[in-house]
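Welcome! Here is a short briefing for anyone meeting this structure for the first time. Please take a look at the sequence and the model before reading on.

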Amino acid sequence: MHAISYSHVMQGFPNFFCQPNLREDKLQPRDFHILFVPRRSLLCEQRLKEKGVLNSFTNIDEYILDLIPYDGDLLSMESESSFRECYLENDQTSLYHAAKGLMTLQALYGTIPQIFGKGECARHVANMMLRMKREFAGSQTQILPVFDTLLLLDRNVDLLTPLATQLTYEGLIDEIFGITNGYVKLPPEKFAQKKQGEGGKELPTEPKKLQLNSAEELYAEIRDKNFNAVGAALSKKAKIISAAFEERHNAKTVGEIKQFVSQLPHMQAARSSLANHTSIAELIKDITTSEDFFDSLTVEQEFMTGVDTDKVSTYIEDCIAQKDPLIKILRLVCMQSVCNNGLKQKVLDYYKKEILQTYGYKHILTLKNLERVGLLKPQSTMRNNYPTIRKTLKLWMEDANEQNPNDISYVYSGYAPLSVRLTQVLARPGWRSIEEVLKMLPGPHFEERQQVPTGLHKKRQPGENRTILVFFLGGVTYAEIAALRFLSNMEDSGTEYIIAATKLINGTSWIKSLMDSPEENLP
Amino acid sequence: MTWLWHSQKADEYLREIKEQSLLSEAVRQCVEAAGHEHEPETQKTLLRVSHTVYSFSLQAASFGKCFLSNFPPEQFVSMCRDLRVLNAVRDYTVGIPLSLTQFKQMTIQVLIDRLVYRKLYPLAIEVCCYLKTPEYQGVSRVLKHWACYKVQQKEESDEVIAKAVSVKLADAAGISYSEIATKAYESGRTELAIKLLEFEPRSGEQVPLLLKMKKSPLALSKAIESGDTDLVYTVVMYLKNELNRGDFFMMLRNQPVALSLYKQFCKHQEQDTLKDLFNQDDDHEELGNFYVKASYKEQRLEARIAHLQSAVDEYYKAKKEFSAKTTEDEMRLLRFQRKLEEEKGEQLVGFSLHDTMTTLLSVGLHKHVEQLYKDFRVPDKRFWWLRLKALAEKEDWEELEKFSKSKKSPIGYLPFVEVCIKHHNKYEARKYVSKVTLEQKVKAHLAVGDVEGAAEAAIERRNESEIGTVLSRCAATTDHLLVERLNRAKATVAKK
């Protein structure tokens, strides 16, 4: 059974299916089925018809897979090329699927009465949602709405956040090791199990694979903390688990012993979980305490606070000179460009020349892509609005408290993600208070209302929270998710956030999706 | 109650029924009997009887006497309802003399259909509303049939019909306008069909019909409006086959979304068409990019360079000076690499400038490296880093020292220390420690493991943080004298 993903439609896959025909005589009769994911494609079927193989398939169907739940408050379409398609190639297919996904969501959880949005893509998705609602006008479901508001945000409203190095525990795991589909693969050395009585055991060579989600108690506690606060949390947990194991000395009666034994599996799981995360934290610490990491972070924070964004950075120059990984360089120069609203032509050309001479001419296409999406571009005549935006929205908070945060800026140790700040202001006091700033950000901002069937209007009880669904069109980082969870957990916030996105990204995977490697086309 | 019939006989019957506890059965039979009667008067009488008995027994129940315990009132209500419908259709103006049994067998759906086929639309709608059929099966369906019929009426103009239909159907949900439009089209009324299609919210239905009616530009617009890119592709492919190239390109030009999607398609399927599209738009930069990509597909160097030359030309036309110059540089580099490959046998073609220079250094071709440094205007700092790393990699310490003395290092001498240490050569590293700037002295000493030297430097510089760094590197046991000295110095500095 082969499942065809929609993104491969254009890459000539229909031709691939014509070949089995030739072999059919030799093989035993087989049934071929096609399952289109996420949706049937007329174009594919047309192609297959043209090639004369459409009827050879026993079954042609679609498996509608739009939004995948990753956790209790997180949904993702896992559409890798969504940002590239929308902002580079002017192909808004993924937005159509996002709208369809939202319609499915509404069929299950009720019509969302209020839709806010910022950005061109957001506008497009909202238009499609309203249009699709008309299409289904005859079959309204009578479900009490769960969501109060939907907020659609274009990734290009906040290009800065994904470029910065995330500093939450989960964010760092993703930055360093990469989290895929809720799993992470780690170097096995630290996870070698020491079994008693076996000496000289070989170290495992397979990477250690761990699942990461909120079902694991310890992980749920520490995932969204700033990494500098994780050590304390782990040692506290170690004490609790130790104490729990010590309880066995206090169990005297058979009943008490029985109770202790019944708790054992849970305690052992907790201990194993603690061991895993202590190892991971050590691995991360090796990197975060390195001089290189510190220097890089310092430069990032200088850019974010507007220091020296208009000249060539000696640090970046030196990194290129030492041929540091290209992605690191690209993230830094793009960050400088975004914080400066474009670089002076001389500075830009200098960086480009250095990059091309060091890493190869072939990257000229990547640099052009980055310019097209606005990440690395020449300065225009328009003034740099970033300092104003930063001040008005308080994006830089000096002395962010990493241990006991009181503001979302803890996720980047001082920088509050613009996207989350916009969400925060929307909830309270509302976007009207930042009209001027909103106009400085790309794309329209809007509000729509959808009719909810009479009798189903949500009557909120005093003390009950509003539920807001925030949909990132183009990708969301774990740090932003942590920031939104922080807002949900804040006392007297009155709001609970559910997060959806076209993809879970980090700076590296994001920039990679914009790279063009022409050599791959060589036969 | 018995006085209703002014009959003593009735009273007797009733008592008999009561005694045999057959009251509920009696009521049920009355209701059923009413159903089978065709005369409304008789129906009413029978129903009144059962109703009266029922309410009497309810009254009695409130006094504690239970006569009709389990009689469900729904039977009564639904029978009344069914009878009303049946009476209406049995009317001579309608003329469908159904019996109750026939009605139950045939179901309401079929009855509505029958009414619709006889074009008795108002009645059908009333029945639907009265019986509370869901809109999809009921009112909407009827209205759709009515509309299909209406569009075939030749006497009225397109506008009038379109208006009439839109007004009547406005509030109903789930109407398939495309079916109505198809009917109109089949009757030869294309304009009317288009007007009606405007109301069809499902673009999946709208677009194929518009294509059938040969209204391709409109079909394309509607497909784009819907956001369903699969649909847009379908229309574009259809148009590609129907129109000649010129018209096809012109149509795409007017629809940027379709044009982008088509370009995507061409990228994977028809590269040459892409070139034509860029040419048509005078998009010289994209043409340049096209040639760059094409150059990588060539095996032979000459062909590759030829493509790059085309790219250069296009970039100049597009006024992209930087891209043009960079591409010219690449062509020059490739030629240089090929020449050297032939002369020296080192594989070089396709390397970046940096990698080329590193490779050449590793085989000792220093003169050529100098040549490249001048030709490509490599910044001094980068050149020094490159040489430093390449020579250390090769462990050519002699050459490294020679080069370090050639002139004042633009990158300072700390990198020399650190790179040597990285290659496990403390001896060489030490040679450069004395050359580092004052600010970097502490770091340099620590890099070669010379804690004492570092301490000296830190104390001399009276820098608190540097003293702290040195302290952190001291081993508590062996260096305790040093630690004391450092702590004293730190205290002194702190006081100031």
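Predicted model: local features only at pLDDT ≥ 70, side-chain atom pairs only at ≥ 80, totals over all residues.

Chain A has 523 residues, and 54% of them are buried. Its secondary structure amounts to 21 helices and 13 strands.

**Chain A as a whole**
- Taking the contacts in chain A between residues at least 6 apart in sequence, 78% link residues at least 24 apart.

**Domains of chain A**
- Domain 1 covers 2–62, while domain 2 is made of 68–164 + 402–510.
- Domain 3 spans 207–280 and domain 4 spans 291–384.
- The centres of domain 3 of chain A and domain 4 of chain A, taken over C-alpha atoms, lie 44 Å apart.

- In soluble globular proteins, nonpolar side chains tend to be buried together.
- Here the largest nonpolar core contains 240 residues, and those with the most contacts inside it are A:Leu152, A:Tyr169, A:Leu375, A:Phe471 and B:Tyr262.
- Helix H14 of chain A (residues 326–339) supplies the largest share of this core, with ten residues.
- A second, separate core has 22 residues, among them B:Trp397, B:Phe416, B:Cys420 and B:Tyr432.

**A closer look at A:Leu375**
- Leaving aside residues up to four places away in sequence, A:Leu375 touches several residues, including A:Leu159, A:Leu163, A:Cys334, A:Val338 and A:Leu370.
- A:Trp510, A:Ile511 and A:Leu514 are also among the residues that A:Leu375 touches.

Methods:
Residues numbered from 1 in each chain as written. Chains lettered and ligands numbered in written order. Heavy atoms only, no water. Helix = DSSP H or I, 4+ residues; strand = E, 2+ residues; numbered from the N terminus. Buried < 20%, exposed > 50% of the residue type's maximum accessible area, 1.4 Å probe, protein only. Contact = heavy atoms within 4.5 Å. Domains from an automatic or database assignment. Core = buried A, V, L, I, M, F, W, Y, C linked by side-chain atoms within 4.5 Å.
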